[in-house]
Amino acid sequence: MLADTSEMVQRGMPTPLSEENPTLFDYKREIEEHGYPVSGADQDLNRSSFVAEAAMATRTSERSTFNRLAVAEGLRYVHERSLFALYTGKITGRTAATLVKQTRGIPRATAQQIEASLLPTATTASDAAMALRIKRARERLHPQPAADRRSRAEMGRSLLWWPEEDGMAVLQAYLPAEDVLTIFNTVSTHANLLLSSEQERPLGQLRADVFRDSLIDGWPGQPKRKPALFVGLTIPALELLTNPERGIANLEGYGPIPLGVAMRLAVKAPSLKPILTDPWTGSILDLGRKRYKPSKALRDFLRVRDEHCRFPGCRRPPALSEFDHIEEWSRGGATSVHNAQLLCKRHQIYKHVLGWQVIHLGNGSLQWRTPHGVTQLELPDGLLCPRPLNPDPPPIQLMLPGVSIDAPTRRLLGWDETENIPGFPEPPVDPEEVP
């Protein structure tokens with residue numbers, strides 16, 4: 001389904017969803033005035049837009065969905081025998097994905113030769129054993145020299161991180177293997193020197209501490225330098241007054257951290273900026289003013305409220321995102337908190353070139369709609385209540401026709417059969433059930 005739907009989008013064919021809702025997206029919309037040096041007919045741009053839609057529909061990241069699509073297309077168009085073996089349960093999904101990944105970028109005939117030689121073994125071998133066999137076959141039959149492939153792989157060097165629980169995170173460096181081993185062995189050498197006199201920290205903690213201290217405080221024996229604090233903190237004043245031991249602050253780009261950790265970081269901060277928030281909803285008060293170019297106060301406001309690009313699933317930080325008018329300035333949109341968001345460059349192109357649409361629902365809550373009619377609610381990370389707590393909240397704009405939910409489906413979802421669910425019309429009444 002993933003591969004076939006992608007092909008339909010690339011060919012400009014109507015999808016079932018667009019046929020059901022032909023008014024959701026006008027494919028003849030004039031886009032010459034969007035101001036970006038790209039075309040809405042660009043194949044790579046449309047492919048990335050489709051990946052974003054599929055990621056939204058499956059509640060996964062764009063990177064994960066892109067990898068799934070690559071595997072799907074590899075099985076659909078190259079390794080059809082493996083696709084059938086996967087369908088009949090003879091091989092595992094992980095082995096099928098490994099085969100596609102390892103044979104990507106080599107001639108089709110060579111890829112199918114590797115498949116034919118290893119598929120009988122894959123019906124009984126473990127995933128780990130198959131991964132090694134596939135890798136060896138790839139190295140043996142690959143038409144390009146290993147040195148050329150290494151040079152191309154080095155172009156993908158990167159440093160990534162992702163959050164974990166309890167205020168922790170993981171840092172990942174993608175580097176040449178010899179550099180990684182050199183870094184690890186250097187850190188391990190210094191950690192082993194400390195191990196003999198250490199009473200509490202095991203070797204793993206010592207390695208982590210040496211690595212951290214060398215980057216932030218300076219390598220052992222070097223003059224210590226004062227690190228520049230480049231993280232943003234939001235510390236709620238009410239929690240300081242009520243229960244500071246159980247209070248939670250917000251670390252920009254990560255999320256909730258213990259209040260005590262935030263206070264220790266705040267001591268080192270060169271300056272503090274007071275930001276007033278609603279203690280009940282968590283929404284931030286307006287700091288901007290009406291003009292095309294946002295004021296510094298409005299940019300600071302968005303940095304604290306949005307924390308990252310507001311496209312669903314995107315976590316690019318404010319430094320890599322830009323101010324965006326939700327309703328375009330040329331169409332009457334104001335420069336205010338009710339019409340502003342942070343968007344990275346790529347997702348600005350989605351919005352202004354490919355027809356992605358967004359509306360503001362209040363308190364920074366956004367509702368996005370894809371070119372093919374998929375909708376998703378995107379909430380600010382710090383928002384506690386997605387609806388404004390005022391007497392007359394603004395009405396929620398429904399972007400799709402209402403869908404009727406019958407009684408069996410309501411019971412399956414755990415909904416009260418008599419409850420009126422917002423966004424869904426009342427279910428039709430069965431005349432036979434009327435007393």
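**H347 and the helices of a predicted model**

Me: In which helix is the place of H347?

Reply: This is a predicted model, in which local features need pLDDT of at least 70, side-chain atom pairs count only at pLDDT 80 or more, and totals for chains, interfaces and linings use all residues. Residues are numbered from 1 along each chain as its sequence is written, and side-chain values use heavy atoms, leaving out hydrogens and water. Helices are DSSP runs (H or I, at least four residues), numbered from the N terminus. The stretch of residues 345-353 holds H347, and this is helix α15.

Me: Is H347 buried or exposed?

Reply: Buried means under 20% relative accessible area, exposed over 50%, and partly exposed in between (1.4 Å probe, protein chains only). Because its relative accessibility is 0%, H347 counts as buried.

Me: Which residues does H347 touch, not counting those up to four places away in sequence?

Reply: A contact means heavy atoms within 4.5 Å. With residues up to four places away in sequence left out, H347 touches E62, C309, F311, C314 and R316.

Me: How are α3 and α4 oriented to each other?

Reply: Axes are lines fitted to C-alpha atoms, for helices over the stretch in contact, with angles from 0 to 180 degrees between N-to-C directions. The axes of α3 (residues 43-58) and α4 (residues 62-77) come within 9 Å and cross at roughly 110 degrees. Angles of 65 to 115 degrees count as roughly perpendicular. Therefore α3 and α4 are roughly perpendicular.

Me: What share of the 435 residues in the protein is buried?

Reply: The protein has 16 helices and 10 strands, strands being DSSP runs (E) of at least two residues. Of its 435 residues, the buried share is 33%.

Methods
Angles under 35 degrees count as roughly parallel, over 145 as roughly antiparallel, 65 to 115 as roughly perpendicular and the rest as oblique.
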